[in-house]
Amino acid sequence: MSVSSTAADVARENAVFRKVIRRIIPFLVLCYIVSYLDRVNVGFAKLQMSDDLGFSEGVYGLGAGLFFVGYFFFEVPSNLMLQRIGARTWIARIMISWGLVSASFMFVTNETIFYVLRFLLGAAEAGFYPGVILYCTYWFPAHRRARVIAMFMSAIPVAGIFGNPLSGWIMDTFQGVNGWQGWQWMFLLEAIPALLIGVITLFYLDNSVRGAKWLTEEEKTVVERAIAADTAHQEVHGRAWDGFREPKVWLMCGIYFCFVMGQYALTFWMPTFIKSTGIEGNLTIGVLSAVPFVAALVAMNLFGRSADKRRERRWHLVVPALMGTVGFSLAASWTGSTALSLAALSIAAAGVLTCAPLFWSLPTAFLSGTAAAAGLAVINSVGNLAGFASPYMIGAIKDATGSTSIPMYVLALCLIVGAAAVLTTKKQVVNH
């Protein structure tokens, strides 16, 4: 093959994958924005709901975390079902069911109902995130995946940028309308997009490259050839059980747990952190809470592009983890100033939210087939137990001490442990 034809082939492949990105990723981002908003809007509801219903910080923290218990128990079965019946039908099912459960939060009147619905929301949404990660492995080889996953996970900061002000506006604007509280209206109105997009998913997504009518035969061949070449490098193939017994999978669980501790501390408690600096008004809190997510949106895409360009994964994950450590440590020290606290939380958000998309380039580098469906679900479900531990830990410590600084230092330590564990992975396994 000549140099010119090789250059032409590379240009052609790049053009095909740009087309795939344009078709798939914006829609998946939209799905995840809706998902994440319904998952964490309880953080804004807390500003009114805790007073209305008499919930303590510990009750709120436990309820927020119970989402991840339901998530844990149903994650692996959900991901295996996605692989068996197809992403289109299963993702649609997930979105419609979580929309219905999310809307039901408007009827919460006591702790028990709150706990049950948080558990059911986790069960309904289980499989969505690892399912999308698995779905991306059907369409993108490893050396394109960090950027793509970073684009997909841009939904988290985008949900914070637009969702936080939206939640604050709904709660202020609709307070008392039809005799309902603002937090009840927020749960109802923010659940509607999940139901609508769930129906659209049935008509929009394709289960496989071969079934994509928007690709030509030549374009399908380009994608399939790239995926086949990528699979040849992977070490763990085959049955679901192979994904459970692989030691590297359990190392990934530990690493992800450390990073998720920081991620959900931010998303669940950001409004409370901002309010504790002396800010009043739900809309104002929402606007200020969006600032750290803007920093995260920029950082996660810059790091994702750099990781793919250099085909280097480990240090591109360690550096943002240490950024998160610095951000949480500074936030613990600067609680008396809104401006300084916001700057520290921006550094923390840029770090911990960048860790998530870059992390998934590690396990997808050595898992494939049904082992990937099981392994990715195990990693996500075990790692996301930190989504239970983190808000509960913060709430319990805040109830016991009245301080938000001590939990910040604990989160900083978790990120250091996660960064150290990343460096135990072999670069020849993950850097391809």
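The model is predicted, so local features are given where pLDDT is at least 70 and side-chain atom pairs only at pLDDT 80 or more, while totals for chains, interfaces and linings use all residues. Residues are numbered from 1 along each chain as its sequence is written, and side-chain values use heavy atoms, with hydrogens and water left out.

**Stop 1: salt bridges**

Select Glu 219 and Arg 12. Their side chains form a salt bridge with an N to O distance of 3.8 Å; the term denotes a side-chain nitrogen of Lys or Arg within 4 Å of a carboxyl oxygen of Asp or Glu. Glu 219 belongs to helix H10 (residues 217-231) and Arg 12 to helix H1 (residues 3-40), so the pair ties together parts 207 residues apart in sequence. Helices are DSSP runs (H or I, at least four residues), numbered from the N terminus.

Glu 219 is buried at 8% relative accessibility, whereas Lys 19 is partly exposed at 24%. Buried means under 20% relative accessible area, exposed over 50%, and partly exposed in between (1.4 Å probe, protein chains only).

With Glu 218 included, Arg 12, Lys 19, Glu 218 and Glu 219 are linked in a network of salt bridges. The whole structure holds 7 salt bridges.

**Stop 2: a helix pair**

Select helix H4 (residues 87-104) and helix H9 (residues 182-204), whose axes come within 8 Å and cross at roughly 165°. H4 is therefore roughly antiparallel to H9. Axes are lines fitted to C-alpha atoms over the stretch in contact, and angles run from 0 to 180 degrees between N-to-C directions; angles over 145 count as roughly antiparallel.

**Stop 3**

Select Asn 178, in the loop between H8 and H9. Asn 178 has a positive phi of about 60° although it is not a glycine. Asn 178 is exposed, at 58% relative accessible area.

**Stop 4: helix H13**

Select Val 287, which lies in helix H13 and is partly exposed at 45% relative accessible area. Then select Ala 299, also found in helix H13. Ala 299 is buried, with a relative accessible area of 10%. The C-alpha atoms of Ala 299 and Leu 342 are separated by 16 Å.

Technical notes. Helix = DSSP H or I, 4+ residues; strand = E, 2+ residues; numbered from the N terminus. Parallel < 35°, antiparallel > 145°, perpendicular 65-115°, else oblique.
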